[in-house]
Amino acid sequence: MTPDPSPPGRWTGASVRLKVILEALGTLEHSAARAQALLATCGRSVGSVGTVAHAALLLATRIWLSQTVFVHGLMMMMMMSAGGFTRAPSGWATLMQGIDPLLLAMGLATRPVALILLLGIGVEGAGSDLTWPRVVLLIWLAARGAGPLSLDFLMRRGLAQVPVAAFRTVSRLYANLDRLSDFLLPLGTRLCLALAVAAGSGIAMWPNPISGELVTAPWWVILLAWALIVGLATRPTALILCGVAPLMGLMMGDRPGAMFLLLLVAAGGPGKLSIDWLLARRVDSGLHSRGQARDETPHVVVVGGGFGGVAAVRALRSVGCQITLIDRRNYYLFQPLLYQVATAALSPADIAIPIRSVVRGQENVAVRLGEVVGVDTMAREVLLEGGRIAFDYLIVATGARHSYFGRDDWAIDAPGLKSIEDATAMRSRMLRAFEQAECETDPLERLAWLTFVVVGGGPTGVELAGAVAELARTGLDQEYRAIDPAMARVILVQSGPRVLPAFSPHLSRHAEQALRDLGVEVRTDAKVTAIDRDGVEIDEERIPARTTFWAAGVAASPAAGWLNQTGDRAGRIIVGEDLSVPGSRGIFAIGDTAASNGWDGAMVPGLAPAAKQQGDYVARVIRAAIAGQSAPPPFRYRHYGNLATIGRLAAVAEFNGLRLWGAPAWWFWGIAHLMFLIGGRNRAVVVLNWLWAYLTYRRSTRLITEGSTSVAKQSSRPGPER
């Protein structure tokens, strides 16, 4: 045997050193990756804050410029009266001098107005008051528009869809200006500011505020000027200059205008022609390449297109993932106003919008119309009636259904209110009752048709009972000949001691009194023991009533069974602190599907704001998981208050310790619901319908449709024998 010339210990020591070096390199790479991810997160946070600040600054800039233009117009008028003009300004010029400041402040037709002010069209001496910062600010408004806090922003999407060639041409021109200004406008602004700080020779001089002698700029001012030019650390540079410029006498010609420009650069960033932008792209591309090397693009499946599901989808718009939103209906429904469809105040299209329209501008979302029948947690697939969809993350937001507390046979005679189909069926049933009463000759049968029972004293039941009573007493006046609709009897049954138990006792009393003022019979501590087509039995008292509505309870969807979970009494999935389903990695339940103790240890209520907050939170959890970051803190629900309306100028509201009732609460309720309603068209139509009903006491959607199964069954039943 030939001996090994190399000692064994030498190779062992080399391998150990090599292993240590590789481990150190791995640790260094991991630390660099974490630092890069932290930088990307900080950049996104700064960008979000900057977006809000940028919008507010554009509003402040418009108001300041409008004030400047207005003062300048007054000065021109004074000069005209003193004979300062060689010729009198035209009527057009005088009109524009009065209208331009108002349009600029409101953000209406901002780009044309800014262009007119820049060019001084038809206005003598218009450009005499425009300093260089004001010129640059007007260029900002002409190129980029007024920003989100403006009328132009609210109308931009609607104008782009107007079927008129001129409007679409202008919309395309604005879009091209936006793209061009993304490159050139920030660069030009930075150059102007840098030249104002440091002269072209690289040395800035300004008079000392005390001695008046010219002082040469220190080296760090020159450095800040060059940082602005190349776009390096632009945001902090602009903020530093905002602080030192007033102290050192820089830009004394028009200090407010220069300050606005510096703040706009600090909020909006340096633009694409800058070193900062190149560094940010480098960080993002590094994270993206590592994500691709680690795995394919994550797939997030959201089941349910309600408040929670849509909130989660929207919150994931900037995350590197693909999203599939599944719902058995193709529309997003604003359920708080569903009772107004049931009581003929609004039409279904007023409170619903296609889901595809909601997510049209979000490229990482695909919408799938289908019925989910189960979830394969092992294969990580959602089961549809016609196929399967694989997922990396799953958000279950399937909402709730009616609960009859074990008496499901009552459903046919006491329909609930959870969908548009329920609302139209309820509307038809209610209106048909008046029509049947008009045809009846027997007084007892007529009284039975004019008796309406609402079971449940929560917000839905209170709003429904108040709307039915108001319709009977004012909305149908003088439209029937054999009956007086105002004689209708509306009974609200509540099993607890007071209506609206989620509200304070004080507001519950106000709500009950408002119902009684409308003629509603409020029965508290009452129990419904029987419901059939002929009437309702309340505490062993038989009440003949042909129309009964159910608003007493809800149960969760069958999602707990899909995920092999034991639900609570309402069938909701008991989720963890991060709203995850126990034992199921990457699966979350939100909204009415989940039972969470995220309200300071109490159960999160089944309200629309709660579902939205949960959707946003789960999106943050998924974003952190995809980016390899630590998870956010446990979910905490923030309760903003309760709202319920009873009738005309009658409502109750409580938020942040403030309690309102009567007309103030009614106005607040209307404004709040309009704010959360999706779609500008829906908001406008709802306002017009409410205004029409308020002025005329009439409701324009009193249609009896035959598309509802419950209505068809009711109309096909034989009448009671007499």
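Which residue in S14 is the bridge partner of Phe 452? In S14, that partner is Val 490.

## Basis of the description

This is a predicted model, in which local features need pLDDT of at least 70 and side-chain atom pairs count only at pLDDT 80 or more, while totals for chains, interfaces and linings use all residues. Residues are numbered from 1 along each chain as its sequence is written, and side-chain values use heavy atoms, with hydrogens and water left out.

## The parallel sheet and its helices

Strand S13 (residues 451-455) and strand S14 (residues 489-493) pair in the parallel sense over five bridges; strands are DSSP runs (E, at least two residues), as helices are (H or I, at least four), numbered from the N terminus, and two strands pair if DSSP finds at least two bridges between them. Both belong to an open sheet of four strands with parallel pairing, in the order S15-S14-S13-S19. Because strand S15 (520-523) and strand S19 (547-550) stand at the edges with a single partner strand each, one side of each is left without a neighbour in the sheet. Neighbouring strands of this sheet are turned by 20° against each other on average, direction ignored.

Helix H16 (residues 459-475) lies across S13, S14, S15 and S19 and runs at about 175° to S14, whereas helix H17 (residues 505-517) lies across S14 and S15, at about 140° to S15. Axes here are lines fitted to C-alpha atoms, for helices over the stretch in contact (heavy atoms within 4.5 Å), and angles run from 0 to 180 degrees between N-to-C directions.

## The S17-S18 hairpin

Strand S17 (residues 535-538) and strand S18 (residues 541-544) pair in the antiparallel sense over four bridges, with Gly 535 opposite Pro 544 in S18. The two strands form a hairpin with two residues between them, and Asp 539 in the turn has a positive phi of about 50°.

His 673 lies in helix H20 (residues 663-676) and counts as buried at 10% relative accessibility, where buried means under 20% relative accessible area, exposed over 50% and partly exposed in between (1.4 Å probe, protein chains only). The side chain of His 673 reaches the backbone oxygen of Trp 669 at 2.8 Å. Leaving aside neighbours within four places in sequence, His 673 is in contact with Phe 334, Pro 336, Leu 337 and Leu 643.

Note on methods:
Polar contact = N/O pair within 3.5 Å; in protein donor to acceptor, adjacent residues only side chain to side chain.
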